[in-house]
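Open the structure in your viewer and keep the selection tool at hand. The stops below go from one selection to the next.

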Amino acid sequence: MIITISGQPGAGSTTVSKILAEKINYKLITIGEIHKQIAKEKKMTIEQFWKYQEKNPKQQEQLHKQTDEKQKHIAETQDNLIFNGKLSAFQIPKAQIKILLTADLKTRAQRTAKRDGGTIEEQQQNIKNREKMERKDWKKIYGFDYIADKKYYNIIINTNELTPGQITE
């Protein structure tokens, strides 16, 4: 079985993916970690990398195509996988379970500030900027909006009042 877990920044998709993969003994493929590794190789923070991508649309499109092909190849050649990536539900149509995690901006900013530091207000602005860029760019590249186009998901969970353990259950 293949499961995809997508989510708004700070909604808990990475944490839940890790817990679920360990709980059911599935291999976890985290697209965000792949991007962070590429940023690190370029000696950039992930935030710097996003800004670089925004200013270099051809490079951004190439990165997405490489990541998409890698996901598709893994999904075709392996089983018992969890893909943690915002676009994974769209890129792996054969996935049996496609989950979207959502939460309100304040909750996501609180979680992100606790995890990454900074104030809640700073994190709210960071999240707004990130979402705006991702949704605009990905709509242009792919023709869909990973948050608004909910028909691609089997399960949608609002994580506002839930712990990672509760979400996983």
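Begin with helix α1, residues 13-24, which lies across β1 (2-7), β2, β3 (81-84) and β4 and runs at about 160 degrees to β1. Keep in mind throughout that this is a predicted model. Next select helix α4, residues 57-77. Helix α4 packs on the sheet, where it touches β1, β2 and β3, and its direction makes about 165 degrees with that of β3.

**The sheet**

Now select the strands themselves. In what order do the five strands of the open sheet lie? The order is β2-β3-β1-β4-β5, and the pairing is parallel. At the edges are β2 (27-30) and β5, each of which pairs on one side only. On average, neighbouring strands of this sheet are turned by 20 degrees against each other, with direction ignored.

Strand β4, residues 97-102, pairs with β5 in the parallel sense over four bridges. To look at a bridge there, select Ile99 together with Ile155 of β5, its bridge partner.

Is Gln60 buried or exposed? Its relative accessible area is 8%, so Gln60 is buried. Leaving aside neighbours within four places in sequence, Gln60 is in contact with Gln53, Asp137 and Ile141.

Select Asp137 next; its place is in helix α7. Asp137 is also buried, with a relative accessible area of 8%. A polar contact of 3.1 Å joins the side chain of Asp137 to the side chain of Gln60. Not counting residues up to four places away in sequence, Asp137 touches Glu54 and Gln60.

**Helix α6**

Now select residues 105-116, which make up helix α6. This helix has 12 residues and reaches 16 Å from its first C-alpha to its last, close to the 16 Å expected at 1.5 Å a residue. Show Asp104 to see what caps the N-terminal end of α6: one of its side-chain oxygens lies 3.3 Å from the backbone nitrogen of Lys106. After the helix comes Gly117, whose phi is positive, near 90 degrees.

Which residues of α6 are buried? They are Thr107, Arg108, Ala109, Thr112 and Ala113.

**The aromatic rings**

For the last stop, show the side chains of Phe and Tyr. Ring pairs are counted when the centres lie within 6.5 Å, and by this rule there are six aromatic pairs. Select Phe90 and Phe144. Why does this pair count as stacked? The ring centres are 3.8 Å apart and the planes of Phe90 and Phe144 are at 5 degrees, so the pair is stacked; the cut-off for stacking is planes under 30 degrees apart.

The pair links distant parts of the chain, 54 residues apart. Phe90 sits in helix α5 (residues 88-91), while Phe144 is in the loop between α7 (120-142) and β5 (155-158). Phe90 is buried, with a relative accessible area of 12%, and Phe144 counts as buried at 10% relative accessibility.

Notes. Residues numbered from 1 in each chain as written. Predicted model: local features only at pLDDT ≥ 70, side-chain atom pairs only at ≥ 80, totals over all residues. Heavy atoms only, no water. Phe/Tyr/Trp six-rings, centres within 6.5 Å; stacked < 30°, edge-to-face > 60°. Helix = DSSP H or I, 4+ residues; strand = E, 2+ residues; numbered from the N terminus. Buried < 20%, exposed > 50% of the residue type's maximum accessible area, 1.4 Å probe, protein only. Expected span 1.5 Å × (residues − 1). Polar contact = N/O pair within 3.5 Å; in protein donor to acceptor, adjacent residues only side chain to side chain. Pairing = 2+ DSSP bridges. Axes fitted to C-alpha atoms, helices over the stretch in contact; angles between N-to-C directions. Contact = heavy atoms within 4.5 Å.
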